[in-house]
Amino acid sequence: VCLNIPGFTLCLKRSVLAPVSLRPPPEKAQSALIGQCFWVFRICPPPALYGGRHTVTLIPGDGIGPELANHVCELFRFCCVPVDFEVVNVDSSMDSEEDINNAIMAIRRNGVALKGNIETNHNLPPSYKSRNNLLRTTLDLYANVMHCQSLPGVRTRHRNIDVMIIRENTEGEYSSLEHESVPGVVECLKIITKTKSLRIADYAFRTARAKGRGRVTAVHKANIMKLGDGLFLECCKEVASGYPDITFDSMIVDNTTMQLVSRPQQFDVMVMPNLYGNVVSNVCAGLVGGPGLVPGANYGEDYAVFETGTRNTGKSIANQNTANPTAMLLASCLLLDHLRLHAYARMIRRAILSTVTETRLHTADLGGQGSTSEVVRSVMKAVQSTGPLTLSI
Amino acid sequence: SRGRRVRSLSRTLVRRWSRGKPDGAGETRWSRGNQMEQGKPDARGKPDTVTLIPGDGIGPEISSAVMKIFEAAKAPIRWEERNVTAIKGPGGRWMIPPDAKESMDRNKIGLKGPLKTPIAAGHPSMNLLLRKTFDLYANVRPCISIEGYKTPYTNVDLVTIRENTEGEYSGIEHVIVEGVVQSIKLITEDASRRIAEYAFEYARNNQRSSVTAVHKANIMRMSDGLFLRKCREVAEGYKDIKFTEMYLDTVCLNMVQDPTQFDVLVMPNLYGDILSDLCAGLIGGLGVTPSGNIGANGVAIFESVHGTAPDIAGLDMANPTALLLSAVMMLRHMGLHDYGNKIQTACFDTIRDKKVLTKDLGGNSKCSEFTADICRRIQDLD
């Protein structure tokens, strides 16, 4: 909630308006506590909107990232979208964290980003942290949302899939806290906190309500990890009690994967901790046609970063003009929706979906022989044919 | 006297070979068709004894179905039934009844039906208890498409080998402060090496061409990194088998698009749990998936992984396929391949024919009719 006062913006933290049962996080010392409810006044920088044009950080990443980022820029220029990209390159081979810190600062400045996946060489020592993870945790992008829908024209084994996966993005198994107390024995900590679990559950239910969805399923493994996933499940149940219009149920993660490959149509919105989210989102992406089709979004309180849903670098197909640009282009549409440029988003999305329906333009991952540039040109043609003023192809 | 010396020498050698002296490298040799570690039955025609744990719910019916089928196939197996309901031993620790433990230690091979864990019984899960008692460190689940039971996925033929003792399921959890919980995932060098060795041996003995290690070392650098390093080290000793590494998310993505690209998968506990159930879903669910648990000291327990289904217990509606295929896995493990192939062929033929199928497979025959059909086919095959 933001109050626009000329000169600066007063932001009230959304969690403030939540039910009283949420206890305020003790680490936020800047808040003034008045009884159980509290108001946090924080000065947010104004959105990067100058002269009617938005500035968005663009992190090309590795593998197929740079070529797809170019296509997005090309398409936006063609459609005269009022967005300027500030390109920040992150070199994954370098040891210092200067690159990623620059990228984070750019995102803080602009508030929104479009990102390709940055490769992590897992043979490097543990002191080298995954750049993607660092970005997500530093900017506190706590919700990863992936909407998997069966697309017409893409042949898959299952039809009519429409699942929204909401995954906690900052804690859980991805805490990167590991130690070797005895040589040959490594312990890795999985952290589950009540605040973050409540936050992600609340996000899930609010999104379900906003999109008119009727059911939320929590995915967990609380029969084995009784305290950790038990806490997560408890938080989901607590939040569910505040949304009586939405049905809530829970399912164990191994049963979930089994049900997904036999009957994926039974799922609506799913909320889960980090690692299960990784597994389930990849399974769902595979079910609807592969990593080239599904966009993903990472939302935080103040920032939003858009990328492909399954976060692949696609090293093996880099620079061969065979990658499927659909996921990245749909992610850019999500970006436009976030910037409230809904007309542009609708126009481009319609063009992309009409292109995906054409089987002869399918790229290799969909079983066809089309190239990336052909797909992008076809999208541009489709946009031009709907009538608005565009540049010439 | 020289003849006597030669005879006694040759007898000693035959006895030693038939008992399967362990190799220098590694503790056990998993050789197909040969006799293995001590305590194993020999190939002199004597029936091998197997501990049978019928289990709860539909357990007794499917166990008796399996026994009938084995009788029809004239398999040289003698069954020893035991109950494993947990009892409190001296010192207050929960344990399985001593006669069951003694029987398993003697026979080394077990076949187990579904077990239930009553809520609020006070004791841990029965499967966990068995795992700890016999140090069942590897869970093997071959997932092969059943011809005749159609699923959207065809030609699936892969095996998931999952580390069963540590990893995310170590059960070590703490509440640090109120509202913050930490679960500890434990990865040790020994357990990782052991499971990797088993995976490569299994691949070699079952003519599998590649082993893929599934991990998430980009995020969990030290723990999965250690697991991966051990797999690589063991792979050095098995140059005839192709070794690849793949991220967990990539495996999941590719598995639902094209499962035929995978062969043997080896992984730590949690990933194994999720992936093995995913693969079971590809071929038709837990009602048709066999599973085996391999332990230290040559112990192996084969089981059906579905639930006890109390709602259909005693109604002759259960599907014995999962337990039957696990029993076939057991026969192969013991080197009795002919019997195993015969029973498997009969079972698959019955399912392919679609005339006598239980309710979960899409028919409406009884369990006894299904079993009788399989027995008839076995006798026809002879």
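Predicted model: local features only at pLDDT ≥ 70, side-chain atom pairs only at ≥ 80, totals over all residues.
Residues are numbered from 1 along each chain as its sequence is written, chains are lettered from A in the order in which they are written, and side-chain values use heavy atoms, with hydrogens and water left out.

**Exercise 1.** Describe the setting of K185(B) in its own chain.

*Solution.* Begin with the element: K185(B) is found in strand β9 of chain B, strands being DSSP runs of E with at least two residues and helices DSSP runs of H or I with at least four, both numbered from the N terminus. Next take the accessibility: K185(B) is buried, with a relative accessible area of 4%, since buried means under 20% (1.4 Å probe, protein chains only). Finally, look for a polar partner: the side chain of K185(B) makes a polar contact with the side chain of D224(B) at 3.0 Å, a polar contact being a pair of N or O atoms within 3.5 Å, of which, within protein, one must be able to donate a hydrogen and the other to accept it, and residues adjacent in sequence count only if both atoms are side-chain atoms.

**Exercise 2.** Find how strand β9 of chain B is joined to chain A.

*Solution.* First, β13(A) and β9(B), residues 180-188, run antiparallel and are joined by nine bridges; two strands pair if DSSP finds at least two bridges between them. Then, as one such position, K190(A) has S183(B) as its bridge partner in β9(B).

**Exercise 3.** Characterise the interface between chain A and chain B as a whole.

*Solution.* Start with the residues: 58 of chain A are in contact with 51 of chain B. The area buried between the two chains is about 4,500 Å², of which carbon and sulfur atoms give 64%; buried area is the accessible area (1.4 Å probe) that two parts lose on being put together, summed over both. In chain A, H122(A), R157(A) and M258(A) lose the most area to chain B, together 15% of what that side buries. Turning to charge, the rule finds one salt bridge across the interface, a side-chain nitrogen of Lys or Arg within 4 Å of a carboxyl oxygen of Asp or Glu. The side chains of K221(A) and D273(B) meet in a salt bridge, at 2.8 Å from N to O.

Methods:
Contact = heavy atoms within 4.5 Å. Buried < 20%, exposed > 50% of the residue type's maximum accessible area, 1.4 Å probe, protein only.
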